[in-house]
Amino acid sequence: MIYETDDLPIVACSTGLNENTAIGVIRLSGFSNIGSIGPFFKKDLSSLEIRKATFTKLYDQDGNFLDEVVITYFKGPHSYNGENILEIAAHGNTLNLKRIMNAFINSGDFRLAKNGEFTYRALKNKKLSLAQVEGLDALLNASSSLMLDEGLKLLNGSLYQKYTDLYEKFLKLKAAVEINIDFAEDVGEEQSQKLLDDAVADISGHITSLHRSASVNAKSLMSPDIVLCGEPNAGKSSLFNLFLNESRSIVSDIAGTTRDYISEYISLGNETFKLVDTAGLRNTTDVIEEEGIKRSRNLIENAFYKILLVNINEVEKYQYHDIKETLFDALIFTHFDEFKGSLNLDKLEEKLPKAIKYYSADTSKGEGSLVEISGPIGPDTQSGSIEPVKKDLGPMGASHKNGPTGAKSETNQNTGPIEPAHITELITQDILCKYTKLRNSDPISIERHRVVINDIYSKFTEFSNNIKYLDDIAIISSEVSILEKKTAELIGIISPDDTLTHIFTNFCIGK
């Protein structure tokens, strides 16, 4: 373990020391009695009311005045970690908070807490389970609202209750097996078999539901990236700047201008996403550019929402070998203002990766109109062609007279011109729709939980199939014990040391 085994009193700043704040909270834990801290306040604290805020003055061990503070006493075992805890709310200047902490440390009565040590003691004293600790970890370190909600559900909510319900159902299954072993004659063979069958059926629905949630690809939801990719000069940087409404990414006619990815966080609806402008995909002898392209491919692979931009005039030039099997959420054909002639939609699929939605746009100068192409490109759709859009559609960002999304174009019946003001809005709606749909599937994102749940599901499926043919109840009992142990691991009754080390390394000092 990463923690010392001593039970010495500890001190830490729970609100952090990175910047000045109005109030900072210092937490003391593990002292034997509140009276021992009295000298720091020049008063007897033995009669201090529990869980009641008290205004007082704070001094160091030499009697020097430090600050006017508000203290709150939480008496163990009825506290966060089961130990005696005193919280000190002081003025939040970081120099002031460090001076107060040093006063306690220099006294020799306290040592500085390690990362997550308050919570580790809560786990050790059985105030929190391992699953709840993981929920707190997700809550404190959440980079998306999904992780935030999952942390709350684990800490004290519906998800943790599902885990405990599953464990209790396995205990009932174990009891049903024991009845078949020891009391079948007393209960009756038919009744004891019914108890066993009912217990198996009860677990089956529960574990299937959890397995469904654990099977959702939640990795990209935890830190949702919107990745723009394509060949050089396809218009990636233009679209990137349009989303940000500023010239954050350099736009140039020179191929290879973006040599590494550029990212910015953007708010869409009530969610936060990371928008990434990647290096143009092409063969190059430039070592730096090639490294940027490698990073681009990795970002594309792991992105939540993938957008491929394709210069309609250079479809024949690039082969897209490295991303040919990637399914993109949106494929945008650009530079239609320069396009002459028509292209067969079915033949385009031979050159390009597949996408869920297709658009055409003019981004030759960082501006243009976006038009959704009705229907996907592929053998299951009717053959058609993309005709050049009218130049009077106007530049991206200018006013448009043709009306709202979905209006029919005089140029091409397969397209509906969209007001330029709705360019990013259309894609935003699609991004939020995908995000909401995945969130509503109630995904489980913590990797340890996903692994354990999938393992339980696999073993239980095998068990429920074999139980029909097993006559030896002792073997059935052994299988149930294995499943019970796995479920105990999910809840955190069994806590592998490497799991604990990984979790508490993520915690901040003071929690």
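**Figure 1. Confidence of the predicted chain.** The protein chain of this predicted model has an average pLDDT (the predictor's confidence in each residue, from 0 to 100) of 76, and 72% of the residues score at least 70. For residues 247-259 the pLDDT is below 50, and this stretch has 39 contacts (heavy atoms within 4.5 Å) in the model beyond near neighbours in sequence. For residues 375-421 the pLDDT is also below 50, with 109 contacts beyond near neighbours in sequence. Residues are numbered from 1 along each chain as its sequence is written, and side-chain values use heavy atoms, with hydrogens and water left out. Local features need pLDDT of at least 70 and side-chain atom pairs count only at pLDDT 80 or more, while totals for chains, interfaces and linings use all residues.

**Figure 2. Packing of helices H7 and H13.** Helices (H or I, at least four residues) and strands (E, at least two) are DSSP runs, numbered from the N terminus. The axes of H7 (residues 189-215) and H13 (residues 447-466) come within 9 Å and cross at roughly 145°; axes are lines fitted to C-alpha atoms over the stretch in contact, and angles run from 0 to 180 degrees between N-to-C directions. Residues in the contact include Ile203, Ile207 and His211 of H7 and Ile453, Tyr457 and Phe460 of H13.

Figure 3. Six strands form an open sheet in the order S3-S4-S5-S2-S1-S6, with mixed pairing; two strands pair if DSSP finds at least two bridges between them. S3 (54-59) and S6 (111-112) are the edge strands, each pairing on one side only. S3 pairs with S4 (residues 65-74) in the antiparallel sense over 6 bridges. Thr56 has Val69 in S4 as its bridge partner.
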